Amino acid sequence: KIKQDYLDKMNSALELDDPLDPFLQYTKWDKSVNHNLGNEYYHILKDCLHFFMDNNLYRRYGGDQRFLGIWLEYAEQYRNPQSIYEYMHSYDIGTSLAVFYEYWSRSLEVKGDYPQAEVILSEGVKQFAHPVRRLEKLLLELKSRIPETSHELSS
């Protein structure tokens, strides 16, 4: 019954002042009920993102922290999140927010791609993504962690 109520609200989202709200409520409810955040949760995120892209709502929500949160959760579950971050960047989703560049850079650093992680953080600083001071701090921290061999490769 509860699940159907959420699905009904999501189906009528285009009639609401904040179409994102029913999706956020549903993901929150699903997290509270299904603690493992498995395949169904991934599909909820995917359906939400498809809905917003298909209805051109990404233009309205591109700088919305809540919308970005859904994208970041979705990307984190992807084997190659860089492709998701590149897609988001091409549609200007999250590019005004520091957390977007933080997640993207961290995914590259985990792969050992320090030079590209540095480029991504630098791009966020150049774009004055909010809060830019956090990105500046992260950039300095990243530079201090870069192995000496990476410095030699990027010179």
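Helices (H or I, at least four residues) and strands (E, at least two) are taken here as DSSP runs and are numbered from the N terminus. The model shown is predicted, so that local features need pLDDT of at least 70 and side-chain atom pairs count only at pLDDT 80 or more, while totals for chains, interfaces and linings use all residues. Residues are numbered from 1 along each chain as its sequence is written, and side-chain values use heavy atoms, with hydrogens and water left out.

**View 1. Asn 56 in the loop between α3 and α4.** Asn 56 lies in the loop that runs between α3 (39-54) and α4 (58-61). Its phi is positive, at about 55°, although Asn 56 is not a glycine. Asn 56 counts as partly exposed because its relative accessibility is 39%, where buried means under 20% relative accessible area, exposed over 50%, and partly exposed in between (1.4 Å probe, protein chains only).

View 2. The peptide bond from His 130 to Pro 131 is cis, with omega near -10°. Phe 128, although not a glycine, has a positive phi of about 55°, and at 66% relative accessibility Phe 128 counts as exposed.

**View 3. The largest nonpolar core.** A nonpolar core is a set of buried Ala, Val, Leu, Ile, Met, Phe, Trp, Tyr and Cys residues joined through side-chain atoms within 4.5 Å. The largest such core has 46 residues, and those with the most contacts inside it are Phe 52, Phe 67, Trp 71 and Met 88. At least two residues of this core are supplied by each of α2, α3, α4, α5 (65-76), α6 (81-90), α7, α8 and α9, and α3 gives the most, with 9 residues. In soluble globular proteins, nonpolar side chains tend to be buried together. Around Phe 67, leaving aside residues up to four places away in sequence, the residues touched are Leu 20, Leu 49, Phe 52, Tyr 58, Tyr 61, Gly 62 and Ile 93, with contact meaning heavy atoms within 4.5 Å.

**View 4. The crossing of α2 and α5.** The axes of α2 and α5, which are lines fitted to C-alpha atoms (for helices over the stretch in contact, with angles running from 0 to 180 degrees between N-to-C directions), come within 11 Å and cross at roughly 45°. That angle makes α2 oblique to α5, since angles under 35 degrees count as roughly parallel, over 145 as roughly antiparallel, 65 to 115 as roughly perpendicular and the rest as oblique. The crossing of α2 with α5 is left-handed, a term used if the near helix is turned anticlockwise from the far one by less than a right angle, with right-handed used if clockwise. Leu 20, Leu 24 and Lys 31 of α2 make the contact with Arg 66, Phe 67, Ile 70 and Glu 73 of α5. By class, the contact of α2 with α5 has 4 nonpolar, no polar and 3 charged residues, where Ala, Val, Leu, Ile, Met, Phe, Trp, Tyr, Cys and Pro count as nonpolar, Asp, Glu, Lys and Arg as charged, and the others, Gly among them, as polar.

**View 5. The packing of α7 against α9.** Helix α7 (residues 98-110) and α9 have axes that come within 10 Å and cross at roughly 15°, which makes α7 roughly parallel to α9. The crossing of α7 and α9 is left-handed. On the α7 side the contact involves Ala 98, Val 99, Tyr 101, Glu 102, Ser 105 and Glu 109, which meet Arg 134, Leu 135, Leu 138, Leu 142 and Arg 145 in α9. The residues of this contact of α7 with α9 divide into 6 nonpolar, 1 polar and 4 charged.

View 6. Tyr 101, found in helix α7, is buried, with a relative accessible area of 0%. Not counting residues up to four places away in sequence, Tyr 101 touches His 89, Thr 95, Ile 120, Leu 121, Glu 123, Gly 124, Gln 127, Ala 129 and Leu 135. The C-alpha atoms of Tyr 101 and Ala 129 are separated by 8.3 Å, and the two residues are 28 residues apart along the chain.

**View 7. Gln 82 in α6.** Gln 82 lies in helix α6 and, at 6% relative accessibility, counts as buried. Residues up to four places away in sequence aside, Gln 82 touches Trp 104, Ser 107, Leu 108 and Lys 111. Between the C-alpha atoms of Gln 82 and Leu 108, which are 26 residues apart along the chain, the separation is 7.5 Å.
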